[in-house]
Amino acid sequence: ISKSSGLNETQVKESFAAFLAEHPNGKLKPKDFREMMAIAVPKKYASKMEKHVFRMYDSDNDGFIDFTEFMQVFHIMSDGTAEEVLTKMFRVFDVNNDGTISKKEMNKLIKDMYGLLKTADPNIADKNLIAKTAFAEMDKDGNGKITEAEFIGACLGQKDISKMLALKIVDLFVEDD
């Protein structure tokens, strides 16, 4: 865990003790995560994003976030490379965890994110247009599915809508000053 979290052994032990004090069975339930998100992200529309962000942490899809999963995401979101961050972020968009993003999944995510996007830019385009544009930017081979590589490529390639969506999700993890 030290290696994947970027913390030294003492810091990991202290973090684990705190995690266990809050979650004696070593697992964070969706309800606990919802409460944590409400404290960490007191933004009006962030609650709609909670289930999507939960997927990013729950890498084994068991419906819980264990300490290792929690620490890995914590480290990647704070110290990871752009590719590592985007790889984790892909799980937010891949609603059914099949390894690709469909048009339906993109529409669902944009619908749930739209309040956050509209708050940042009151003149933003309609959610259907954003979803359609983002999908077109990311689906490089035009096969109707976005792979993880296509998603990362579009975000790193500074495609307008792709970049805006990725940055909006990163905003959920960054405290406002």
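Predicted model: local features only at pLDDT ≥ 70, side-chain atom pairs only at ≥ 80, totals over all residues.
Figure 1. The buried residues of helix 6 are V85, L86, K88, M89, F90, R91, V92 and F93. An α-helix has 3.6 residues a turn, so residues three or four places apart point the same way.

**Figure 2. The aromatic pair of F33 and Y57.** In the pair formed by F33 and Y57, the ring centres lie 5.4 Å apart and the planes stand at 65°. Because planes over 60 degrees apart count as edge-to-face, F33 and Y57 form an edge-to-face pair. This pair links distant parts of the chain, with F33 in helix 3 (residues 30-40) and Y57 in helix 4 (residues 50-57), 24 residues apart. F33 is buried, its relative accessible area being 0%. Y57 is likewise buried, with a relative accessible area of 8%.

**Figure 3. The aromatic pair of F93 and F151.** The ring centres of F93 and F151 are 4.9 Å apart, and the angle between their planes is 50°, so the pair is classed as tilted. Distant parts of the chain are linked by this pair: F93 belongs to helix 6 (residues 82-93) and F151 to helix 9 (residues 148-156), 58 residues apart. F93 counts as buried at 1% relative accessibility, and F151 counts as buried at 0%.

**Figure 4. An aromatic cluster that includes F33 and Y57.** One aromatic cluster is formed by F16, F19, F33, F54, Y57, F67 and F70. Among its members are thus both residues of the edge-to-face pair, F33 and Y57.

**Figure 5. The crossing of helix 8 and helix 10.** The axes of helix 8 (residues 127-138) and helix 10 (residues 160-171) come within 8 Å of each other and cross at roughly 110°. Since angles of 65 to 115 degrees count as roughly perpendicular, helix 8 is roughly perpendicular to helix 10. Helix 8 contributes I130, T133, A134, E137 and M138 to the contact, while helix 10 contributes D160, I161, S162, M164 and L165. Sorted by class, the contact of helix 8 with helix 10 contains 6 nonpolar, 2 polar and 2 charged residues.

Conventions
Residues numbered from 1 in each chain as written. Heavy atoms only, no water. Phe/Tyr/Trp six-rings, centres within 6.5 Å; stacked < 30°, edge-to-face > 60°. Helix = DSSP H or I, 4+ residues; strand = E, 2+ residues; numbered from the N terminus. Buried < 20%, exposed > 50% of the residue type's maximum accessible area, 1.4 Å probe, protein only. Axes fitted to C-alpha atoms, helices over the stretch in contact; angles between N-to-C directions. Parallel < 35°, antiparallel > 145°, perpendicular 65-115°, else oblique. Contact = heavy atoms within 4.5 Å. Nonpolar A, V, L, I, M, F, W, Y, C, P; charged D, E, K, R; others polar.
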